[in-house]
Amino acid sequence: MDKPVTPRAAALGPRRRDRHGRGMRGPIAPPQVPLAASRADVFADLVQDSVERLERRWPQLADIDFLVLEVPRLDGPGQAWNDEAVPLGGTISAREGRPARVVVYRRPVEIRTKGRDERAALVHEVVVEQVAELLGLTPETVDPRYGEDQG
């Protein structure tokens, strides 16, 4: 007499192999490898590198929040930008116990750059310009190398 095959009980634990015997699929690279970093994470790192570079010269930047947003948004009626002037960054003044903020918009910066080095240079330029606006200084005062080709 044939014995029926009983289904595998779910209580035995997770399956260790797929149906082809190759094992369960996992990530392509471990999390500490740069391949595993998302584009947003890499971009945030570029902003952080730029801020750290400026903080050596301007310690008061520790009191400013630096944010990365995907795209700029229009907050009210009458606020618009034309096709040629999508903002790459912006500032929000300190108020009501909240620190001042510098915002860098990831997608507009990415669209205007081709490689990592070019992107890093543009991110730094945007951060310098926004910090200069917030502090009431010229970009050249904030970073004496502002405007130089960094290549």
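In the protein chain, residues 24 or more positions apart account for 58% of the contacts with a separation of 6 or more, where contact means heavy atoms within 4.5 Å. The model is predicted: local features need pLDDT of at least 70, side-chain atom pairs count only at pLDDT 80 or more, and totals for chains, interfaces and linings use all residues. Residues are numbered from 1 along each chain as its sequence is written, and side-chain values use heavy atoms, with hydrogens and water left out.

**Overall composition**

- The secondary structure of the protein chain comprises four helices and three strands; helices (H or I, at least four residues) and strands (E, at least two) are DSSP runs, numbered from the N terminus.
- Read from the N terminus, the order of elements is α-β-β-β-α-α-α.
- Of the 151 residues in the protein chain, 25% count as buried; buried means under 20% relative accessible area, exposed over 50%, and partly exposed in between, with a 1.4 Å probe and protein chains only.

- Three strands form an open sheet with the order 1-3-2 and mixed pairing; two strands pair if DSSP finds at least two bridges between them.
- Strand 1 and strand 2 are the edge strands, each pairing on one side only.
- On average, neighbouring strands of this sheet are turned by 20° against each other, direction ignored; axes are lines fitted to C-alpha atoms, for helices over the stretch in contact, and angles run from 0 to 180 degrees between N-to-C directions.
- Helix 1 packs on the sheet and touches strand 1 and strand 3, and the direction of helix 1 makes about 155° with that of strand 1.
- Strand 1 (residues 65-69) pairs with strand 3 in the parallel sense over five bridges, and Leu 69 stands opposite Tyr 105 in strand 3.
- Strand 2 (residues 89-92) runs antiparallel to strand 3, and four bridges join them.
- Within strand 3, Val 102 is the bridge partner of Thr 91, and Val 104 is that of Gly 89.
- Strand 3 (residues 101-105) is mostly covered, with four of its five residues buried.

**Helix 1 against helix 3**

- The axes of helix 1 (residues 39-55) and helix 3 (residues 116-135) come within 9 Å and cross at roughly 50°.
- Helix 1 and helix 3 are therefore oblique to each other; angles under 35 degrees count as roughly parallel, over 145 as roughly antiparallel, 65 to 115 as roughly perpendicular and the rest as oblique.
- Their crossing is right-handed, a term that applies if the near helix is turned clockwise from the far one by less than a right angle.
- From helix 1, Phe 43, Leu 46, Val 47, Ser 50, Val 51, Arg 53 and Leu 54 meet Arg 116, Arg 119, Ala 120, Val 123, His 124, Val 127, Val 128 and Val 131 of helix 3.
- By class, this contact of helix 1 with helix 3 has 10 nonpolar, two polar and three charged residues; Ala, Val, Leu, Ile, Met, Phe, Trp, Tyr, Cys and Pro count as nonpolar, Asp, Glu, Lys and Arg as charged, and the others, Gly among them, as polar.

**Individual residues**

- Ala 120 lies in helix 3 and is partly exposed, with a relative accessible area of 24%.
- The C-alpha atoms of Ala 120 and Val 109 are separated by 9.6 Å, the two residues being 11 residues apart along the chain.
- Glu 96 is located in the loop between strand 2 and strand 3 and counts as exposed at 75% relative accessibility.
- Although Glu 96 is not a glycine, it has a positive phi of about 50°.
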